[in-house]
Amino acid sequence: MKYASLFFLIFITAMLRPVPCSPEEVTIGQYLQNMSVLSPVAANSTKEMLQQGQHPNLPAESKFDPFSYIPHGRLSVPPGTRVIIFSPHPDDESIAAAGLIQRVLEGEGKVRVVFVTNGDGYTYAVRLRVKNARISAKDFIEYGKKRQEEAVQAMCELGLQPEDVTFLGFPDAGIDDLWESNWSNVQPFISPHTLFDRPHRKGLKRWVKYSGVSLRDEIESVIKDFSPDWVVLPDPRDYHPDHAAAGIFVLDALETLYSNEDVLPSKVLTYLVHYKDYPQGDDWSKEISSTGVGGYTNVSSNVSGKTLADTNWLTLPMSPEEVEGKRRALLSHASQLQMLSIFFRNFLLPSEMFGSLSLTQVITVPQEYAAFYKHPAIDEEPAGMVGKSP
Ligand SMILES: [Zn+2]
């Protein structure tokens with residue numbers, strides 16, 4: 001009996017233990033193999049990068065500033081800061097903010113990472129993975145699950161636990177559609193990949209659909225629950241429609257939270273992933289101040305270009321250990337390496353960069369974007385919609 005309770009105690013303790021970083025180890029060999037599929041030259045420089053823990057073309061000194069060509073300040077992270085990071089797809093969080101996540105944890109702060117989609121709409125990658133000309137909805141769903149696992153592993157490498165991660169499960173390659181064409185729950189978006197019309201996850205309210213109003217409410221509720229000091233989101237000027245739209249959705253949710261005085265984050269930071277030659281060249285910096293939401297520079301489509309023009313750029317210089325953590329996090333996104341390893345490598349710099357938005361920018365950008373799409377009043381739900389269903 002005594003032994004039985006001892007075993008029971010050991011069993012319970014094991015169950016309660018946080019899940020360790022372990023599962024599918026991606027070895028450097030595997031990584032290099034993937035790299036050489038793309039280019040043998042890249043494989044060599046990647047090997048060097050993996051040895052040095054940073055981009056091979058950059059000087060080894062940790063004080064090297066890869067963003068010296070653009071005026072910027074330093075981002076300092078006060079101890080105990082609570083930071084919520086929105087990532088459109090699994091991997092954007094590591095690409096853009098792996099250093100920030102580690103820095104917050106080093107200062108005994110708290111991080112919540114929110115994945116807007118599972119990245120399950122990457123047709124090319126699914127085709128490569130399935131090795132079959134005919135791919136089905138099931139293949140896309142499986143691919144999304146795989147990417148979720150990789151994301152948890154990546155966050156674990158940075159010191160987070162699975163419970164610090166939230167998957168909203170909205171449609172990959174459809175976030176801009178939710179804003180532009182499927183705002184209301186009456187006509188939800190149907191993913192051409194998974195064929196879902198709503199997120200599939202446990203405990204989800206019945207009325208949550210693939211609609212703009214549902215995504216906005218879900219984002220609002222995760223921010224409210226976490227009560228962050230800082231909110232980090234994709235820059236609305238990013239060229240990738242999911243990124244630009246995800247950024248707008250977060251700003252829209254923040255606008256409501258600010259006006260209800262529910263949550264008052266002191267800092268709102270954006271990050272770029274897909275924008276010209278960012279972060280390796282300097283062309284992006286010449287264009288960013290005249291660019292509107294979704295990368296538009298054309299005057300008639302330059303939504304919120306003026307509002308976002310004077311972004312205050314801040315960098316977070318990283319220690320060699322933090323760069324190493326970022327490298328491990330990127331490697332955890334194993335399903336992406338074959339297509340994106342060179343892209344990932346470009347972000348393995350000794351600093352991360354963020355745009356710091358003012359309160360006016362937070363409030364104005366979603367309003368201007370809504371006006372551009374002649375959106376129905378974005379704070380009003382059609383009768384009988386969200387929040388009123390049983
Ligand atoms: Zn992305």
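In which strand does valine 116 lie? Valine 116 lies in strand S3, and the legends below, which describe a predicted model, begin with the whole protein and return to this residue.

**Figure 1. Overview of the protein and its eight-stranded sheet.** The secondary structure of this predicted model comprises 14 helices and eight strands. Of the 390 residues in the protein, 46% are buried. When contacts between residues at least 6 apart in sequence are considered, 78% of them join residues at least 24 apart. The eight strands form an open sheet with mixed pairing, in the order S1-S7-S8-S6-S5-S2-S3-S4. Strands S1 and S4 (165-170) are the edge strands, each pairing on one side only.

Figure 2. Leucine 168 is 52 residues away from valine 116 in sequence, yet the two C-alpha atoms are 5.1 Å apart in space. Apart from neighbours within four places in sequence, valine 116 is in contact with Phe86, Ser87, Pro88, Leu168, Phe170, Ile175 and Ala246.

**Figure 3. Strand S1 and strand S7 at one end of the strand order.** Strand S1 (residues 73-74) and strand S7 (residues 312-317) run parallel and are joined by two bridges. Arginine 74 has threonine 315 in S7 as its bridge partner. On the pairing of S7 with S8, six bridges are found, and the sense is antiparallel. Here asparagine 312 stands opposite serine 356 in S8.

**Figure 4. Strand S6 between strands S8 and S5.** Strand S6 (residues 267-271) is mostly covered, with four of its five residues buried. S6 pairs with strand S8 (residues 351-357) in the antiparallel sense over three bridges. Within this pairing, threonine 270 has glycine 355 in S8 as its bridge partner. With strand S5 (residues 230-234), S6 pairs in the parallel sense over five bridges. Tryptophan 230 is placed opposite lysine 267 in S6.

Figure 5. Strand S2 (residues 82-87) pairs with S5 in the parallel sense over three bridges, and isoleucine 85 stands opposite valine 232 in S5. H9 packs on the sheet and touches S2, S3, S5 and S6, its direction making about 150° with that of S5.

**Figure 6. Helix H6, its place on the sheet and its contact with helix H5.** H6 lies across S3 and S4 and runs at about 155° to S4. Two packed helices are described by the angle between their axes and the distance between the axes. Helix H5 (residues 123-130) and helix H6 (residues 137-157) pack at an angle of about 95°, and their axes are 10 Å apart. The two helices H5 and H6 are therefore roughly perpendicular to each other, since angles of 65 to 115 degrees fall in that class. At the contact, Val126, Arg129 and Val130 of H5 meet Asp139, Phe140 and Tyr143 of H6. By class, this contact has four nonpolar residues, two charged residues and no polar ones.

**Figure 7. Glutamate 108 in the loop between helix H4 and strand S3.** The loop that holds glutamate 108 lies between helix H4 (92-106) and strand S3 (110-117). Although glutamate 108 is not a glycine, its phi is positive, at about 60°. Glutamate 108 is exposed because 9 other C-beta atoms lie within 10 Å, and 12 or fewer define that class.

**Figure 8. Lysine 276 and proline 279 in the loop between S6 and helix H10.** Lysine 276 is found in the loop between S6 and H10. The phi of lysine 276 is positive, at about 45°, although this residue is not a glycine. With 17 C-beta neighbours inside 10 Å, lysine 276 counts as partly exposed. Proline 279 is likewise found in the loop between S6 and helix H10 (283-287). Tyrosine 278 and proline 279 are joined by a cis peptide bond, with omega at about 0°.

Note on methods
Residues are numbered from 1 along each chain as its sequence is written. This is a predicted model: local features need pLDDT of at least 70, side-chain atom pairs count only at pLDDT 80 or more; totals for chains, interfaces and linings use all residues. A residue is buried if 20 or more other C-beta atoms lie within 10 Å of its own, exposed if 12 or fewer, and partly exposed in between; C-beta atoms are placed from the backbone. Two strands pair if DSSP finds at least two bridges between them. Axes are lines fitted to C-alpha atoms, for helices over the stretch in contact, and angles run from 0 to 180 degrees between N-to-C directions. Angles under 35 degrees count as roughly parallel, over 145 as roughly antiparallel, 65 to 115 as roughly perpendicular and the rest as oblique. Two residues are in contact if their C-beta atoms, placed from the backbone, lie within 7 Å. Ala, Val, Leu, Ile, Met, Phe, Trp, Tyr, Cys and Pro count as nonpolar, Asp, Glu, Lys and Arg as charged, and the others, Gly among them, as polar.
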